[in-house]
Amino acid sequence: MRSQSPALSTRQSLIVRSRRRGIAVTLATFFLVCPWVLDAAMSEPQEPLASRVVLKVISGEEAEAPAAFLIGGWTERELAAFSKEKFSAEAMQAAFAVSVRNNDGTEVANPPLRGGYQLTQAGVVFSPRFAPMPGVTYELRLQANRLPKSIRPEGETEIVRELHIPKVESTPVHVTSVYPSADELPENLLKFYLHFSGPMTIGNSYKHVTLLDVSNKEAPREVKLPFLTLEQELWNHNGTRLTLLFDPGRIKRGLKPREEVGPALIEGNTYEFVVKTSWQDAHGAALAKHHRKRFRVTAPDDMQPAPNNWEVMVPQAGTRNPLTLRFEEPLDRAMLMRVIEVRQLGANSSAETAVVRGEISVDARETRWRLTPAEPWAEDDYELVVETTLEDRAGNSIGRPFEVDIFDRVDREPAQEFYRRRFSIRH
Amino acid sequence: MLRKTLLASVTVAFCSLVLFSLAPIAAAQDLTAGMGQGTPQLVTAGPLAFGPQGILFVGDTRSATIFAIATGDATGDPNGVTMDVANLNGKVAALLGADSASIRINDVVVNPASGQVYVSVARGRGADATPVICRVTTNGDVEEFSLDNVKFSKASLPNAPAERQGRRNPRMESITDIAYIQEQVVIAGLSNEEFASKLRAVAFPFDDVNAGASVEIYHGAHGALETRSPVRTFAPFGIDGEMHVVAAYTCTPLVTFPMADLKPGSKVKGTTVAELGNRNRPLDMFVYEKDSKNYILMANNARGMMKIQTDQINSMKGIDSRISGGGTAGLKYETIEGMDNVVQLDRLNDGHALILVQTESGAQDLKTVVLP
């Protein structure tokens with residue numbers, strides 16, 4: 001093992017002496033850029049233990065992310081003394097307690113993290129039950145009087161080290177789109193889909209959006225509680241899309257919230273929907289910029305989507321040109337990506353190949369759906385299969401309208417699950 | 001958010017009936033007997049509910065699964081418990097090696113057998129957060145409830161039809177609330193795409209064959225029959241000796257329907273028993289008894305807590321006509337002052353509720369309050 005150079009020890013002790021708050025970052029960075037300092041086992045003690053002990057994070061075998069803490073800075077003699085004594089897990093935890101340091105300046109002692117201790121050539125490795133987290137400051141409280149007697153330093157009781165793990169640097173996230181994308185929306189609009197360029201922090205999302213009635217340019221008015229606040233927020237699998245529902249109590253007629261405070265959106269008025277930069281991404285960084293969507297409100301939409309009226313534009317066999325559907329009104333963008341499929345019916349298809357695979361795209365303000373097949377179209381008969389749950393912007397689905405008196409029809413047969421329409425592709 | 005247990009919620013008359021009829025059965029059958037031993041692989045830890053024998057139900061939205069976990073925490077005296085833990089989220093964060101901005105408390109539920117409190121937590125900010133269950137002991141200590149090598153079983157919920165096709169991005173059906181009622185786990189769900197009401201009843205102990213088809217609940221709302229507003233939160237409630245579910249919808253009517261009607265694939269007609277106005281957006285509720293009367297306590301998302309009288313629930317025919325001028329109809333309620341910013345609610349014991357209060361500083365304080 002290499003001895004520590006005098007120049008280095010001076011530098012190190014300077015850092016250690018000023019180790020409290022904020023400096024920990026310097027300490028961590030220092031050891032990252034100077035790995036040779038980390039030769040934990042030194043041949044002879046050059047300095048008191050309190051000056052030598054270091055706390056750093058080490059990565060797991062498979063990933064770069066921090067996985068464990070290394071408590072280093074020991075001499076070979078000290079490590080040998082450890083290995084002789086065979087400390088129990090409890091004794092290790094009592095001697096080397098690592099805990100979260102509050103970042104609000106309070107001195108409340110937090111409980112030591114649970115985990116396993118292991119003696120290695122580099123020092124004591126503490127693998128906490130949960131991996132060290134970027135953005136968090138940790139604290140080691142080394143109880144010197146619990147070290148093996150032969151190496152116990154005189155006059156030292158507790159040695160404290162802090163380590164701040166920097167946040168992961170990432171490209172700032174922004175809102176990529178808000179659906180429905182049109183700038184005219186019906187009074188009974190049911191939801192917005194907010195798409196982000198990266199994963200977001202989940203929880204407390206509603207406080208980062210506002211809806212302003214900007215009909216009077218001189219005096220914009222904030223619409224109070226327009227959205228349904230849900231504890232279990234409606235995110236997609238990777239946290240890049242949030243579904244924001246308008247409060248249905250203020251959409252459906254005859255309900256008390258609507259009678260008391262009126263609908264959230266009023267026909268003829270102009271609104272601005274604002275996503276604020278206070279919203280943080282999954283790394284804790286603020287959104288890159290505000291996002292604003294301005295729209296005018298039109299009459300309520302009480303009509304169900306009528307697939308019989310859809311225009312189907314059929315490509316030629318042998319090509320990979322898209323099959324195109326044109327709708328009479330904009331439909332739910334998320335559902336359009338999921339609930340329509342095309343099946344090949346003829347003798348050339350089997351159960352496995354019946355569903356035509358390809359790329360789905362939706363555009364023209366959610367009035368156009370296209371399927372570009374992965375393979376050229378075969379000359380054959382096909383079937384368009386659409387789940388009847390497909391909704392328009394006001395929540396009217398093919399199966400049933402959003403708001404209807406069906407008192408007499410409760411016992412009716414359930415609506416068909418799928419709408420089907422046949423077409424042929426020819427050369 | 002689920003604070004519903006059989007005993008907590010039945011009427012006096014029904015209570016004695018249930019105690020005498022079900023207790024011997026419960027004692028005879030070990031509900032954990034068919035469970036396997038191992039570590040349940042939760043992807044998310046969402047809504048919680050307790051069943052008998054210290055069985056904790058955990059709703060995992062991402063994997064569309066309900067886990068039943070034998071906590072072994074089946075004895076104690078909840079009536080002796082009072083609990084006040086300031087900055088619960090901070091304490092949970094410190095325990096899990098995180099800062100409080102990087103954890104999220106998803107639900108808080110009392111184990112009615114012991115009075116200990118279980119908390120579902122997401123450790124991490126994004127969708128890849130680690131699910132953790134924590135426990136607050138009756139003396140206020142916060143600890144992790146390890147899921148390593150526990151007895152558990154699970155029920156996977158049938159998901160969207162589109163998933164059958166192996167689509168890459170199936171829609172998610174968020175579990176908004178769960179409760180154990182009469183040997184069934186009742187689950188309310190809300191899709192992140194279509195606006196649909198999904199309520200499922202899954203028999204417990206879980207059975208691989210029947211994962212519980214969804215039930216449609218119809219209820220009258222001012223002249224129209226409401227079918228499509230999802231159930232937000234619900235609690236069991238005995239009416240005339242028959243177990244009902246009292247449910248609050250996202251559009252705010254309060255509706256009851258009989259448990260017996262919750263059969264797979266059925267359509268159930270509910271009775272609208274109250275209309276909750278503008279200031280009340282239900283988050284959480286439970287039923288309790290005070291001075292020989294039953295009340296529903298309901299936490300709302302921002303302002304105040306509601307105490308709803310239930311004396312007339314037996315005789316209610318339901319609200320099915322328009323109420324003009326903002327008048328009230330159905331069950332009477334009052335807003336309880338001084339209980340603002342309650343984000344979680346459960347019944348702690350005969351005389352107390354447990355609330356989690358969001359403070360301006362960001363800390364969430366767990367508090368015991370006398371039932372109003």
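User: Between which two strands of chain B is the loop in which Pro205(B) lies?

Analyst: Residues are numbered from 1 along each chain as its sequence is written, while chains are lettered from A and ligands numbered from 1 in the order in which they are written. Helices (H or I, at least four residues) and strands (E, at least two) are DSSP runs, numbered from the N terminus. Pro205(B), joined to Phe204(B) by a cis peptide bond with omega about 0°, lies in the loop between strand S12 (198-203) and strand S13 (214-221) of chain B.

User: Which residue in S10(A) is the bridge partner of Tyr179(A)?

Analyst: Chain A has an open, antiparallel sheet of four strands in the order S8-S10-S14-S13, where two strands pair if DSSP finds at least two bridges between them. Its edge strands, each pairing on one side only, are S8 (175-179) and S13 (234-235). S8(A) runs antiparallel to S10(A) (residues 191-196) and is joined to this strand by four bridges. Across that pairing, the bridge partner of Tyr179(A) is Tyr193(A).

User: Which residue of S7(A) is the bridge partner of Leu140(A)?

Analyst: A three-stranded open sheet of chain A, also antiparallel, has the order S3-S6-S7. S3 (96-101) and S7 (158-164) are the edge strands. Seven bridges link S6(A) (residues 137-143) with S7(A), and Leu140(A) has as its partner Arg161(A).

User: Why does Ala64(B) count as buried?

Analyst: Ala64(B) is not a glycine, yet has a positive phi of about 50°; its place is in the loop between S3 (55-60) and S4 (65-70) of chain B. A residue is buried if 20 or more other C-beta atoms lie within 10 Å of its own, exposed if 12 or fewer, and partly exposed in between, with C-beta atoms placed from the backbone. Ala64(B) is buried because the number of other C-beta atoms within 10 Å is 23.

User: How many C-beta neighbours inside 10 Å does Asn204(A) have?

Analyst: Asn204(A) also has a positive phi without being a glycine, at about 55°. This residue lies in the loop between S10 and strand S11 (209-213) of chain A. Asn204(A) counts as partly exposed because its C-beta neighbours inside 10 Å number 15.

User: Which residue in the turn between S16(B) and S17(B) has a positive phi?

Analyst: S16(B) (residues 242-249) has seven of its eight residues buried. On one side, S15(B) (residues 231-239) pairs with S16(B) in the antiparallel sense over eight bridges, and the hairpin of these two strands has Asp240(B) in its turn, with a positive phi of about 50°. S16(B) also pairs with S17(B) (residues 253-258), antiparallel over five bridges. Three residues separate S16(B) from S17(B) in their hairpin, and the turn residue with a positive phi, about 85°, is Thr252(B).

User: How many contacts beyond four places in sequence does the model have for residues 160-166 of chain B?

Analyst: Chain B averages a pLDDT of 81, and 77% of the residues score at least 70. Over residues 160-166 of chain B, pLDDT stays under 50. Where pLDDT is low, the predicted coordinates should not be read in detail. Two residues are in contact if their C-beta atoms, placed from the backbone, lie within 7 Å, and for this stretch the number of contacts beyond four places in sequence is 12.

Terms used
Predicted model: local features only at pLDDT ≥ 70, side-chain atom pairs only at ≥ 80, totals over all residues. pLDDT = per-residue confidence, 0-100.
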